[in-house]
Structures are given as C-alpha cells and as structure tokens.
Amino acid sequence: MRPNKLYLVIPCYNEEEVLPETARRVKEKLSRLIAGGAASPESRVLFVNDGSRDSTWEIICKLHEEDPLFLGVSLSRNRGHQNALLAGLMTAMDRCDLSISMDADLQDDIEALDAFLARYQEGCDVVYGVRSSRASDTVFKRETAGLFYKLMRWMGTPVVDNHADYRLMSARAMEALSQFEEVNLFLRGIVPLVGFKTAIVTYERHERFAGMSKYPLGKMLSFAFDGITSFSTVPIRLITLAGFGIFFASLAALLVFLIQKLLGYTVQGWATLMGSIWLIGGIQLLALGVIGEYVGKTYTEVKHRPRFIIESALLDDSRPAPEDFSRR
C-alpha cells in the first residue's frame with residue numbers, strides 16, 4: 001500500500017516570531033513520517049498567511065525558496081482564523097489524500113501526528129485532537145471553557161469537548177466540507193455535521209512558544225457568541241419564553257393590584273412602577289439585540305460574499321488556488 005500524501009495546514013497571523021521554529025519542527029517531524037513510510041514523499045506543509053501585518057509572508061516565501069516541502073497561500077486581507085483555515089483546507093483538498101490542521105504557535109503537540117495517522121489507517125475520515133488536560137489554564141479560562149461546551153451542547157450544537165482546530169480530515173471529508181456554504185464560519189460545529197467515521201486523539205497542549213495570543217478574552221467571547229448564534233435558534237426561543245413569562249407575571253400583578261384597590265388598600269407603587277419599567281425595557285433591548293444578531297447574520301449570508309480571496313500562492317503544481325469555494 002502506497003504512503004498517503006499528507007498536507008499540514010497551518011494558518012498564520014503575525015507569526016514572525018515563532019514561524020522559523022515552527023517550520024523547523026514540522027519539517028523534522030514530517031521528514032520522520034516520510035522516512036518511516038507513514039507519509040508520501042509528496043507530503044507538504046501549507047502555510048496560510050491571514051493578512052499578516054508583519055513579515056510572516058516574507059518568511060513563508062523564503063521557506064518555499066529554500067525547500068519545496070513548504071508551500072504557502074496569502075489572503076488578500078485579514079479574514080480571521082476560521083476563514084484562513086478553510087482557505088488552506090480547500091487549497092489542499094485536491095492535492096492530498098488527507099490533511100491535518102494545526103496552529104502555528106506550537107501549542108499543538110506535533111508528536112500526536114503518529115496517532116492521527118494510525119486512526120486514519122483504521123478507516124477514520126475525521127480525527128479530532130482533544131486536550132487531555134487544562135491544568136495549564138487559569139481557573140477562569142478552565143471554568144468558562146467548560147461552561148461554553150456545556151452551553152453549546154444544550155443548545156444543540158455538535159461540538160467536541162476541549163477540541164480546537166487540531167484535526168485530521170480525509171480528502172472526501174474536505175470535499176464534503178466544501179459543500180457547506182456558510183459565510184459565518186464556526187468549523188468546530190460544521191465539521192461534526194460532515195459525518196463519516198471519526199475518532200479522538202488526546203494530547204497535551206503546550207505553552208505558546210513565542211509571540212502574543214491571537215485570542216484575548218474579548219475575542220474568545222465574540223467567537224463563542226458567533227458559534228452559538230451560527231448553530232442554534234435557542235436564544236430566540238428563550239426570548240419568546242421570557243415574553244410569555246413576563247406577560248403572565250404582569251397579569252398576576254395586575255390582579256393583585258386590582259384586589260388591593262377593591263379592598264381599600266392604598267398602594268404608593270412608585271418604586272414598583274419604575275422597577276418594572278426598567279426591567280421590561282432592559283429585556284426588550286436584550287431581545288432586540290439577540291434578534292438583531294440573527295438578522296445581521298442572515299443579511300451577511302444572503303449577500304454571499306467570498307469567505308476569502310487568495311492574493312498569492314506558492315504551490316508545487318499548475319492548478320490554481322481556490323478564490324472561494326462557497327460558490328462551487
């Protein structure tokens with residue numbers, strides 16, 4: 001049986017500090033896999049430059065010049081991690097038997113690649129890299145991450161606990177992924193919808209080798225909210241239930257006040273009135289905000305703008321890189 005052609009897909013955004021070390025380590029690991037027959041000599045490392053403002057793309061160009069093992073595509077502007085990752089997967093799809101996506105910061109354990117490939121040989125089309133422990137995280141991050149996964153499952157979103165974007169996908173799984181046309185991307189929820197046989201590989205996540213995290217608290221909260229609103233209508237249903245609850249509570253309060261009036265009790269009511277106005281006003285604004293989020297996402301989807309546009313490509317064949325697979 002011939003070795004499988006593997007592409008390592010690595011999105012990069014302002015990674016000039018860590019990229020040379022990342023390239024050295026992945027080359028060393030991929031070379032061992034090729035020498036051991038676990039991967040084809042035609043296997044490659046595909047860096048995706050997500051509109052970096054530093055010298056990331058220049059470093060990728062230099063790596064490609066020095067070694068054909070390294071390929072690269074550069075997006076026309078910053079489109080975010082999920083779109084950059086999709087651009088890499090769609091570029092790799094017709095060029096390899098399988099891909100493994102990972103971050104450029106060396107937090108994902110490269111040695112876990114052997115376990116990924118073993119699961120693939122067992123017939124799995126999708127293999128998820130799952131953190132074995134969150135001991136290195138702060139208590140706040142650990143607790144909020146656990147709450148996020150519970151909340152996503154409760155809302156009906158098929159996510160894998162403690163899984164980011166370290167995953168293996170076969171060529172046919174990537175082909176199936178290309179049929180999903182969402183502009184609002186949340187790959188952790190979309191990939192499980194692809195189906196096929198899956199498996200999990202656990203690994204220990206390391207500290208970032210160099211540079212700053214691209215996911216501060218605000219961006220992580222925004223990412224979580226995007227994931228929820230992209231896959232679930234439960235928030236809108238909760239608003240409906242809250243509306244019914246407030247309606248019936250108002251009827252009950254009206255009945256109580258009417259009885260008090262008939263019995264001759266004097267009710268001042270200023271604090272109650274003002275509290276009720278502020279409460280209902282706040283709920284209305286919250287409801288409008290949530291509904292507006294869904295309307296905004298629908299507006300974005302309807303326009304069907306490209307999810308990414310590739311400005312430059314450093315590949316080892318004549319086939320063009322995809323500009324946007326949402327229009328296939």
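Phe116, Tyr166 and Tyr203 form one aromatic cluster (rings of Phe, Tyr and Trp, the last by its six-membered ring, pair if their centres lie within 6.5 Å; planes under 30 degrees apart count as stacked, over 60 as edge-to-face and the rest as tilted). The model is predicted, so local features need pLDDT of at least 70 and side-chain atom pairs count only at pLDDT 80 or more, while totals for chains, interfaces and linings use all residues. Residues are numbered from 1 along each chain as its sequence is written, and side-chain values use heavy atoms, with hydrogens and water left out.

A search of the whole structure finds 3 aromatic pairs. In one of them, the ring centres of Phe116 and Tyr166 are 4.8 Å apart and the planes make 50°, so this pair is tilted. Because Phe116 belongs to helix H4 and Tyr166 to strand E6, the pair ties together parts that are 50 residues apart in sequence (helices, H or I with at least four residues, and strands, E with at least two, are DSSP runs numbered from the N terminus). Both Phe116 and Tyr166 are buried (buried means under 20% relative accessible area, exposed over 50%, partly exposed in between, with a 1.4 Å probe and protein chains only). The rings of Tyr166 and Tyr203 have centres 5.0 Å apart and planes at 90°, so that pair is edge-to-face. Since Tyr203 lies in strand E7 and Tyr166 in strand E6, this pair ties together parts that are 37 residues apart in sequence. The relative accessibility is 1% for Tyr166 and 4% for Tyr203.

Asp108 is placed in the loop between E4 and helix H4 (113-121), and it is buried, with a relative accessible area of 3%. Its side chain reaches the backbone nitrogen of Asp103 at 3.0 Å, a polar contact (a pair of N or O atoms within 3.5 Å; within protein, one must be able to donate a hydrogen and the other to accept it, and residues adjacent in sequence count only if both atoms are side-chain atoms).

E7 pairs with strand E5 (residues 126-131) in the parallel sense over 6 bridges, and Arg131 stands opposite Tyr203 in E7.

Phe308 lies between helix H10 (270-303) and E8 and is buried at 0% relative accessibility. Phe308 and Ser76 are 232 residues apart in sequence but 7.8 Å apart in space, C-alpha to C-alpha. Asp97 is in the loop between helix H3 (81-93) and strand E4 (98-101). A polar atom of the Asp97 side chain lies 2.7 Å from the backbone nitrogen of Lys5.

Terms used. Pairing = 2+ DSSP bridges.
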